[in-house]
Amino acid sequence: PVILAEQRRSLQWVLAKDALGLAVVAVVALSAAPALQNIIVLALIYSVVAHGVNYVVGNLRLPHLGIGAFVGCGAYMCAMLITLAGLNWWEASLCSVAGAALLSVPTGMLVLRTRGLFFLMASFAVGQIAYNALFAAPGVTGGDAGIAGVVRPAIWSLTLNSEVAFMWAAFVVFALVLVFVEVVDRSPLGASFRSIGQNEQF
């Protein structure tokens with residue numbers, strides 16, 4: 001019980017610091033120009049990806065350089081399902097998450113057979129293969145220009161067409177990711193991940 005109480009206090013302290021940092025950024029963002037607000041949204045999106053990289057490298061001790069492949073493939077899949085298949089944003093997002101997860105199965109079976117520098121190079125190769133594959137089909141993916149016509153999501157009757165509304169949605173998602181990462185890190189699953197990072201035989 002004492003350990004659990006200490007863990008709860010530690011989690012509350014970490015979340016309080018994160019909330020304070022987000023509040024400061026939010027106050028600055030509200031008074032910023034629309035162009036800067038767009039940059040803040042991009043920064044929050046990439047921060048979510050960075051948290052994933054940090055968790056894999058920090059806890060599992062896996063220097064994975066191919067995480068961008070799954071992020072890119074999921075993003076392109078979501079955009080194509082919206083523009084070509086006519087799905088709404090939520091349906092396309094769920095399908096793209098499932099597609100990126102399925103993509104990780106064959107690549108993981110290959111990359112996880114390696115260790116050390118070979119793992120680094122194999123994961124880097126996965127990222128480069130995905131990058132070249134996506135940009136090799138400009139008729140489908142749009143190449144350097146990307147895919148146009150992707151509509152922003154709507155939450156019930158609330159639309160996120162304005163930069164301010166979209167920025168607040170990005171803040172909420174980023175805050176949820178912070179909470180999720182901290183909760184998982186202090187759970188038995190997080191302890192298992194750290195054990196794997198310390199000894200791969202686990």
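User: Which residues are buried in helix 4?

Analyst: This is a predicted model. Buried here means under 20% relative accessible area. The cover over the buried residues of helix 4 includes helix 3 (67-83) and helix 5 (116-135). The buried residues in helix 4 are Ala 92, Ser 93, Ser 96, Gly 99, Ala 100, Thr 107, Gly 108 and Val 111.

User: Where does helix 4 bend, and by about how many degrees?

Analyst: A proline, Pro 106, follows the bend within four residues. The bend in helix 4 is at Val 105, by about 30 degrees.

User: How many Å apart are the end C-alpha atoms of helix 4, and what span should its 23 residues have?

Analyst: Helix 4 has 23 residues, and at 1.5 Å a residue they should span 33 Å. The distance between the end C-alpha atoms agrees with that, at 32 Å.

User: Which residue caps the N-terminal end of helix 4?

Analyst: The backbone nitrogen of Trp 90 lies 3.1 Å from a side-chain oxygen of the capping residue. That residue is Asn 88.

User: Where is confidence lowest in the protein chain?

Analyst: The chain averages a pLDDT of 79, with 83% of the residues at 70 or above. Confidence is highest in helix 4 (residues 89-111), at a mean of 89. Confidence is lowest, at a mean of 59, in helix 1 (residues 2-30).

User: Is Gly 52 buried, partly exposed or exposed?

Analyst: Gly 52 belongs to helix 2 (residues 34-58). Its relative accessibility is 31%, so Gly 52 counts as partly exposed.

Methods. Residues are numbered from 1 along each chain as its sequence is written. This is a predicted model: local features need pLDDT of at least 70, side-chain atom pairs count only at pLDDT 80 or more; totals for chains, interfaces and linings use all residues. Side-chain values use heavy atoms; hydrogens and water are left out. pLDDT is the predictor's confidence in each residue, from 0 to 100. Helices (H or I, at least four residues) and strands (E, at least two) are DSSP runs, numbered from the N terminus. The expected span of a helix is 1.5 Å times one less than its number of residues. The bend at a residue is the angle between axes fitted to the seven residues ending there and the seven starting there. Buried means under 20% relative accessible area, exposed over 50%, partly exposed in between (1.4 Å probe, protein chains only). Contact means heavy atoms within 4.5 Å. A polar contact is a pair of N or O atoms within 3.5 Å; within protein, one must be able to donate a hydrogen and the other to accept it, and residues adjacent in sequence count only if both atoms are side-chain atoms.
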